[in-house]
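Q: I have a protein model open and want to learn how to read it. Can you take me through it step by step?

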Amino acid sequence: MRTIAADRLVRVVAAIMERGGSKADEAHAIGPDRASESYLRIDKLIDVARSSGAGAVHPGYGFLAENPEFAEACAKAGLTFIGPDATAMRTMGSKTNAREIAIARPGGVLRGQVDPGGSGG
């Protein structure tokens, strides 16, 4: 992380579990080795971002990366969320809803199951 960030003059701050390690420029322990008490605690992640002076948050992959409440909390805290905004997550989070949106747009979609509860389509 440090090499990529150094090329862009960006300091990398990581939120880690108590026994975690990091190659970031700065690391903050946010809780025990249970995700429900650390990586899934939006309040702790926002606190780390604010106290470190971060301007943006990259949620990583999994955990809160597809959580619209986390994206909203970042925006409310004045932080740039690196990823889709909460509205996009809610709109496209449902495969059925995403397919309906795609069908309504030019370009077409591949044939597939239209109604997940039905017998096919």
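Q: Which residues does Ser38 touch, not counting residues up to four places away in sequence?
A: Keep in mind that this is a predicted model. To find contacts, look for heavy atoms within 4.5 Å. With residues up to four places away left out, Ser38 touches Met17, Ile30, Gly31 and Pro32.

Q: Where is Ser38 found?
A: Ser38 sits in a loop. That loop runs between β2 (26-29) and α2 (42-52).

Q: What lies 3.3 Å from a polar atom of the side chain of Ser38?
A: The backbone oxygen of Pro32 does. Pro32 is also among the residues that Ser38 touches.

Q: Why does Ser38 count as buried?
A: Buried means under 20% relative accessible area. Ser38 counts as buried because its relative accessibility is 0%.

Q: Which residues is Ile42 in contact with, leaving aside neighbours within four places in sequence?
A: Ile42 is in contact with Leu64, Asn67, Glu69, Phe70 and Ala73. Now compare sequence with space. Ile42 and Cys74 are 32 residues apart along the chain, and their C-alpha atoms are separated by 9.0 Å.

Q: How many helices and strands does the protein chain have?
A: There are five helices and four strands. Read along the sequence, their pattern is α-β-β-α-β-α-β-α-α.

Q: What share of the residues counts as buried?
A: The protein chain has 121 residues, and 24% of them count as buried. Ser38 is one that counts as buried.

Methods
Residues numbered from 1 in each chain as written. Predicted model: local features only at pLDDT ≥ 70, side-chain atom pairs only at ≥ 80, totals over all residues. Heavy atoms only, no water. Helix = DSSP H or I, 4+ residues; strand = E, 2+ residues; numbered from the N terminus. Buried < 20%, exposed > 50% of the residue type's maximum accessible area, 1.4 Å probe, protein only. Polar contact = N/O pair within 3.5 Å; in protein donor to acceptor, adjacent residues only side chain to side chain.
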